[in-house]
Protein chains: 2
Amino acid sequence: MRRTGQPTINDVARVAAVSKKTVSRVINRSPLLGDDTRARVQAVIDELGYIPNPQARALALRRNFLIGLVHDNPNAQTVMNVQQGMLEALHDTEFEMVVRPVDRGSATMLADLRHFLERQRPYGVLLMPPISENDLVAHACREIGCRYVRMGSAMLDEAEHMVASNDREAVRGAVDHLIAQGHRRIGLICGPHGFRSARERRSGFEDALAGAGITLPRSFIADGNYTFESGLTAAERLLDLMPRPTAIFSSNDEMAAGVVHAARMRGLDVPRDLSIVGFDDTPIAAHVWPPLTTVRWPIASMARSATLKLIADSHPEVEEPSLFLSTLIRRASVMAPHG
Amino acid sequence: MRRTGQPTINDVARVAAVSKKTVSRVINRSPLLGDDTRARVQAVIDELGYIPNPQARALALRRNFLIGLVHDNPNAQTVMNVQQGMLEALHDTEFEMVVRPVDRGSATMLADLRHFLERQRPYGVLLMPPISENDLVAHACREIGCRYVRMGSAMLDEAEHMVASNDREAVRGAVDHLIAQGHRRIGLICGPHGFRSARERRSGFEDALAGAGITLPRSFIADGNYTFESGLTAAERLLDLMPRPTAIFSSNDEMAAGVVHAARMRGLDVPRDLSIVGFDDTPIAAHVWPPLTTVRWPIASMARSATLKLIADSHPEVEEPSLFLSTLIRRASVMAPHG
DNA sequence: TTGTAGGCGTTATCAC
DNA sequence: GTGATAACGCCTACAA
């Protein structure tokens with residue numbers, strides 16, 4: 001029957017002179033199986049180079065061996081980091097990663113996602129921020145009966161379904177650092193409305209100011225949307241202030257790079273005239289001049305853990321953590337204010 | 001039988017009072033089918049919300065509906081652009097994209113890839129550079145009987161298996177532009193050894209110099225590896241030359257950003273003291289100050305076409321092109337040399 | 001134009 | 001412990 005050149009379970013069974021089911025038991029490491037039988041079958045498997053057909057397994061088990069990455073994240077580096085973390089977790093397993101971008105703004109987003117889940121029936125899906133913050137999406141997964149784990153900046157779901165970073169506290173620490181250097185007029189560039197991470201980071205910023213008894217006018221807070229351009233624009237608004245801030249916390253590195261750009265355009269030296277702190281620790285943070293002090297966001301580790309949670313019952317592992325701590329990376333974009 | 005909640009082909013057949021095969025014909029748009037029957041069955045399909053099970057189809061057809069992206073590219077933006085192009089092509093088809101990074105340096109790379117292809121039996125794979133330049137990989141695909149399309153900087157394979165850009169000519173055009181501005185001492189920063197794109201771009205550079213009758217010492221050519229840091233290092237070596245180059249062509253934008261950085265560190269103004277041209281037109285090219293003149297590399301379009309080639313026989317389309325032209329994007333990093 | 005029988009490669013059930 | 005037998009959901013032959 002080896003028409004495709006690929007040996008099947010039948011070939012193995014025939015050569016080993018056992019039943020298909022026995023071969024199946026060997027493949028699936030069934031405990032109730034004689035050691036000699038197992039060894040004999042395994043030998044035939046190796047000899048024939050037999051590889052179980054995932055499609056047939058999927059059909060029989062009524063479940064696929066695909067792990068979906070559902071995302072609507074505009075940042076390439078972030079998505080790649082998540083993919084890398086997932087693939088680390090999936091390495092040497094029978095699972096494959098399928099990528100599913102969605103359009104947060106689209107009216108049919110939820111329907112599209114449902115269709116994907118119902119058609120493909122992935123073993124599980126990893127929800128990346130910001131789409132992971134949408135409870136309707138998580139609810140759809142539940143309804144359809146698809147495992148899911150959400151990544152986010154706060155615990156939005158039960159530990160089993162969640163991998164979170166402590167953005168609020170991390171930002172508080174970063175801004176505390178600025179304050180400890182002597183800064184009092186500190187600007188904030190927010191992330192996009194509707195991003196939970198943007199809210200958390202803003203809260204951390206406000207926590208730090210409140211903790212130090214600093215009150216600033218509303219104008220020290222500028223809107224951004226995590227892009228370089230928005231950081232540039234926001235910085236221009238902030239630097240127009242009189243007196244202007246001596247430091248700016250940017251809710252991500254990309255915008256922080258825009259701040260550097262804006263400062264340079266008006267002849268300000270970073271960090272002498274303006275200290276800057278970013279968030280993420282993406283490559284751009286180290287590439288920009290001066291290298292940015294930033295908060296390292298352990299996104300790849302989070303993705304790896306999230307993926308391990310997803311496949312936990314098929315590959316029993318140690319319990320995966322749900323909370324990941326971000327840490328401050330001190331580089332050259334911060335110094336004490338002068339004058 | 002609707003145990004999973006999902007209606008099957010049997011449910012549709014029963015409700016529509018036809019045979020499974022007739023339903024199958026509707027799904028597969030078989031031409032030999034009465035219009036009234038088709039309409040009736042389609043109505044039941046819609047009513048029941050029936051979705052064909054891809055796993056069952058895969059098993060029966062002995063082929064998967066997965067398109068693999070095989071890559072070992074270190075640049076996040078490039079990989080994301082390719083993924084985006086692929087997903088555009090796959091949108092509204094039954095195919096899914098699975099991502100398969102490989103380690104070019106690993107001794108087991110080829111064996112790992114074979115294992116992936118033999119196990120998963122993807123419908124086809126897209127080979128991204130630089131792994132696409134490895135003939136052994138293409139050969140493995142052929143042997144295993146897996147469709148493949150290679151992306152590259154030159155036609156490395158038959159049109160059916162290839163989507164290429166004209167890097168050599170594009171670079172020649174870019175360097176011609178520099179020469180037309182009056183530059184004569186032009187430095188080159190190469191891509192990594194073993195990357196075909198690096199060779200093609202270097203050839204284009206040499207073509208332009210030769211065409212203008214310019215001869216430069218070997219020291220005007222510096223090695224890089226497509227990273228920011230390598231661009232920085234290479235630029236430092238180039239800028240140490242006496243007399244130093246008035247312009248530098250960098251084989252990609254990432255390294256060009258490093259050149260900008262290096263120039264700034266030694267107080268050189270770009271473009272007044274140094275003109276810079278990059279390659280790729282990734283976001284960093286527009287973000288850096290000044291915005292980089294660069295060569296736009298239509299990587300997403302290439303990936304889309306490559307993917308359409310892959311699924312061509314299942315979704316007959318117009319013939320996809322195999323050669324894509326890169327174009328020069330003029331921004332602010334180039335001007336005539338002074339003094 | 002439509003239907004029937006059988007198979008794709010695996011797992012689950014339930015005997016032995 | 002091990003093995004028939006029947007799913008799983010769809011498709012290809014071939015028949016009607």
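In which loop of chain B is Pro243(B) found? Pro243(B) sits in the loop between helix 10 (228-240) and strand 8 (247-250) of chain B. Keep in mind as you explore that this is a predicted model.

**Where chain A meets chain B**

- The contact involves 42 residues of chain A and 43 residues of chain B.
- Interfaces are often sized by the accessible area that is lost when the parts come together.
- Here the area buried between chain A and chain B is about 3,900 Å², and carbon and sulfur atoms give 59% of it.
- On the chain A side, the residues that lose the most area to chain B are Gln55(A), Arg119(A) and His287(A), which together make up 18% of what that side buries.
- Eleven residue pairs are in polar contact between chain A and chain B, counting pairs with both residues at pLDDT 80 or more.
- Several elements of chain A each supply at least two residues to the side that touches chain B, among them helix 4 (54-61), strand 1 (66-71), helix 5 (76-90) and strand 2 (96-101).
- Helix 6 (109-120), helix 10 (228-240) and helix 11 (253-265) of chain A are also included in that group.
- Sorted by class, this side of chain A has 19 nonpolar, twelve polar and eleven charged residues.

**Salt bridges**

- Side chains of opposite charge can pair when their charged atoms come close.
- Over all chains, the structure holds 40 salt bridges.
- Two salt bridges are found across the interface of chain A and chain B.
- Glu96(A) pairs with Arg100(B) in a salt bridge, with the closest N and O atoms 3.4 Å apart.
- Within chain A, Asp157(A) forms a salt bridge with Arg142(A), and their closest N and O atoms are 3.9 Å apart.
- Asp157(A) lies in the loop between strand 4 (147-152) and strand 5 (162-165) of chain A, while Arg142(A) is in helix 7 (residues 135-144) of chain A, so this pair ties together parts that are 15 residues apart in sequence.

**Two crossing helices in chain B**

- The axes of helix 2 (residues 20-27) and helix 3 (residues 35-48) of chain B come within 10 Å and cross at roughly 90°.
- These two helices of chain B are therefore roughly perpendicular to each other.
- From helix 2 of chain B, Thr22(B), Val23(B) and Val26(B) meet Thr37(B), Arg38(B), Val41(B), Gln42(B) and Ile45(B) of helix 3 of chain B.
- By class, this contact has four nonpolar, three polar and one charged residues.

**Backbone spots to look up**

- A cis peptide bond joins Met242(B) to Pro243(B), with omega near -10°.
- In chain A, the bond between Met242(A) and Pro243(A) is cis, with omega about -10°.
- Pro243(A) lies in the loop between helix 10 and strand 8 (247-250) of chain A.
- Asp92(B) is not a glycine, yet its phi is positive, at about 65°.
- You can find Asp92(B) in the loop between helix 5 (76-90) and strand 2 (96-101) of chain B.

Notes: Residues numbered from 1 in each chain as written. Chains lettered and ligands numbered in written order. Predicted model: local features only at pLDDT ≥ 70, side-chain atom pairs only at ≥ 80, totals over all residues. Heavy atoms only, no water. Contact = heavy atoms within 4.5 Å. Buried area = accessible area lost by both parts, 1.4 Å probe. Salt bridge = Lys/Arg side-chain N within 4 Å of Asp/Glu carboxyl O. Polar contact = N/O pair within 3.5 Å; in protein donor to acceptor, adjacent residues only side chain to side chain. Helix = DSSP H or I, 4+ residues; strand = E, 2+ residues; numbered from the N terminus. Nonpolar A, V, L, I, M, F, W, Y, C, P; charged D, E, K, R; others polar. Axes fitted to C-alpha atoms, helices over the stretch in contact; angles between N-to-C directions. Parallel < 35°, antiparallel > 145°, perpendicular 65-115°, else oblique.
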